[in-house]
Amino acid sequence: MNNLVCKDIVKKYGKKEVLNNVNLTLEKGKIYGLIGRNGAGKTTLLSIISAQNPATSGTVTLDDQQVWENQKTLDKICFSRELNPVMGNGAAGLKIKEYLKIAAMYFPNWDNEMAINLVKEFELNVKDRIVKLSKGMMSMVTIIVAMASKAEYTFLDEPVSGLDVVMREYFYKLLLAEYTESGRTFVISTHIIEEAADVFEEVIIISDGKILLKENTQELISKAFRVSGKAEDVDAVTLGLRLHQVEITGRGKGVTVILEEGQKIRGGFDVSIQPLNLQNVFLAFCGKGEKG
Amino acid sequence: MNEMLTQEKSIYLQISEMLENDILRNIILEEERAPSINELVKLYTINPATATKGINILVEQGILYKKRGIGMFVVKGAKGKIMEKRKEEFYDNYIKKLLVEAARLGIGQDELLTMIQKNK
């Protein structure tokens, strides 16, 4: 089994528990979307499964081999972290070409041709220092490292943050082209949920340090609906279902339902039933007023 | 007014249709106050000008009227008016499409009628 498996991962920073017993299996050859609100634990999770950060307890294994301090498995994993101008590790002061050179030493399957090509595509100047780059340009550098690493398991933390819509589109195309060609596994965290939804085979929703769900994106969307109409009619058709995002205005009512196995919305009443997109599903689970 | 906005058509058209639906479903009754522009803005996170445009469509069609200083109200007889209008659109919006798909599937008129009657 070529899987990356997290078992009972707990991460505490002092008294604060950031990850709370995370169990997760990432199957080889899929593109996963990792979504969650600010501070949900996305970055911490990615840094732990790539062994850049020790877990307080729990294990991460790749093909049953421990990932932590195991060069053989680490060679197969790339976590291209978000860059920022005040990073403590000194990367901020480096020129782009120096940063890429270090990355090249780090990843045994580094594809230098691809890196050079992407620098050109993104119109970056390799002599610029990281600290001087705009937010979008820093994202480009992290994307280049992730792509050219050719690592079997590649994690990207908000790769599109700061990118304009043209570059975001370019990134999704690049990602899909690389994925189709190589069959690498990607985990991508993002807040721009809707435009990435079609790219994700599976979506992982993380909330308050817990995995809320991990499911095939299209299947998840296909069972999520917004039901609205006269309050008593809405209540009648959704009887027994778990309701999210309940909204009442006068005699009207709107609710979001995510149908579980065997459940359905009853018929026989004049209500509107609208399909949801991934962003709406996310809001149903993690929106304000939802407990998750 | 609890439906979701979609990307399929202009927001102001969706706003006016939702209000019509609410009137048809007796969620908002005739002579009752309709949601204000501000309420619509809050509910849907839309630009006030867009909300106003949606409301104005219904004012022009004699479905809503303004009570100065109080807000928008549903005209007496509005429900009947909406039903009349929707009936006129029914052929274009539903029957035409139904016939096209039926023809595509080779469903003849008799078969179609049987199907409709079966559902009663």
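# Notebook: domains, cores and strands in a predicted model

**Entry 1. Domain contact in chain A.** I began where the two domains of chain A meet: 11 residues of domain 1 of chain A are in contact with 6 residues of domain 2 of chain A. Then I asked which elements give two or more residues to the domain 1 side of this contact. They are helix H7 (193-196) and strand E9 (202-207) of chain A. E9(A) supplies the largest share of that side, 3 residues. By type, I noted 6 nonpolar, 3 polar and 2 charged residues on the side of domain 1 that touches domain 2. For the bounds I used the domain assignment, which gives 3-217 for domain 1 and 223-286 for domain 2 of chain A. The centres of these two domains are 35 Å apart, taken over C-alpha atoms.

**Entry 2. Confidence.** This is a predicted model, so I checked the scores before going on. I read ipTM 0.83 and pTM 0.88 for the model. Chain B has a mean pLDDT of 93. In chain B, 99% of the residues reach 70 or more.

**Entry 3. The largest core.** I looked up the largest nonpolar core and found 79 residues in it. Which residues have the most contacts inside it? They are Val141(A), Ile144(A), Val187(A), Ile205(A) and Val281(A). Helix H5 (residues 135-149) of chain A gives the largest share, 10 residues. Why does this core lie between the domains of chain A? Domain 1 (3-217) and domain 2 (223-286) both give residues to it, so it lies between them. Leaving aside residues up to four places away in sequence, Val141(A) touches Leu83(A), Ile96(A), Tyr99(A) and Ile130(A).

**Entry 4. Ile143(A).** I stayed with helix H5 of chain A, where Ile143(A) lies. Is Ile143(A) buried or exposed? I counted 22 other C-beta atoms within 10 Å. The cut-off for buried is 20 or more, so Ile143(A) is buried. Which residues does Ile143(A) touch, not counting those up to four places away in sequence? I found Pro159(A) and Phe171(A). I also took one distance: Ile143(A) and Glu82(A) are 9.3 Å apart, C-alpha to C-alpha. In sequence, Ile143(A) and Glu82(A) are 61 residues apart.

**Entry 5. Helix H1 of chain A.** I checked the cover over helix H1 (residues 42-49) of chain A. The helix is mostly covered, with 7 of its 8 residues buried. The buried set of H1(A) includes Leu45(A), Leu46(A), Ile48(A) and Ile49(A). Lys42(A), Thr43(A) and Thr44(A) also belong to that buried set. Just after H1(A), I noted a positive phi of about 60° at Ala51(A).

**Entry 6. An open sheet in chain A.** What is the strand order of the 4-strand open sheet in chain A? I read E2-E1-E4-E5, with antiparallel pairing. The edge strands are E2 (16-27) and E5 (65-66) of chain A, each pairing on one side only. Strand E1 (residues 3-13) of chain A is joined to E2(A) by 8 bridges, and the two run antiparallel. Within this pair, Ile9(A) has Val22(A) in E2(A) as its bridge partner.

**Entry 7. The hairpin in chain B.** I moved to strands E1 (residues 64-67) and E2 (residues 71-74) of chain B, which pair in the antiparallel sense over 4 bridges. E1(B) and E2(B) form a hairpin with 3 residues between them. In the turn, Gly69(B) has a positive phi of about 80°. Lys66(B) has Met72(B) in E2(B) as its bridge partner. Tyr65(B) stands opposite Phe73(B) in E2(B).

**Entry 8. Domains of chain B and its contact with chain A.** The domain assignment of chain B gives domain 1 (11-76) and domain 2 (79-118). I found 29 Å between the centres of these two domains of chain B, taken over C-alpha atoms. How many residues of chain B are in contact with chain A? I found 11 residues of chain B in contact with 14 residues of chain A. The chain B side of this contact divides into 4 nonpolar, 4 polar and 3 charged residues.

Definitions and conventions. Residues are numbered from 1 along each chain as its sequence is written. Chains are lettered from A and ligands numbered from 1 in the order in which they are written. This is a predicted model: local features need pLDDT of at least 70, side-chain atom pairs count only at pLDDT 80 or more; totals for chains, interfaces and linings use all residues. pLDDT is the predictor's confidence in each residue, from 0 to 100. A nonpolar core is a set of buried Ala, Val, Leu, Ile, Met, Phe, Trp, Tyr and Cys residues joined through C-beta atoms within 7 Å. A residue is buried if 20 or more other C-beta atoms lie within 10 Å of its own, exposed if 12 or fewer, and partly exposed in between; C-beta atoms are placed from the backbone. Domain bounds come from an automatic or database domain assignment. Two residues are in contact if their C-beta atoms, placed from the backbone, lie within 7 Å. Ala, Val, Leu, Ile, Met, Phe, Trp, Tyr, Cys and Pro count as nonpolar, Asp, Glu, Lys and Arg as charged, and the others, Gly among them, as polar. Two strands pair if DSSP finds at least two bridges between them.
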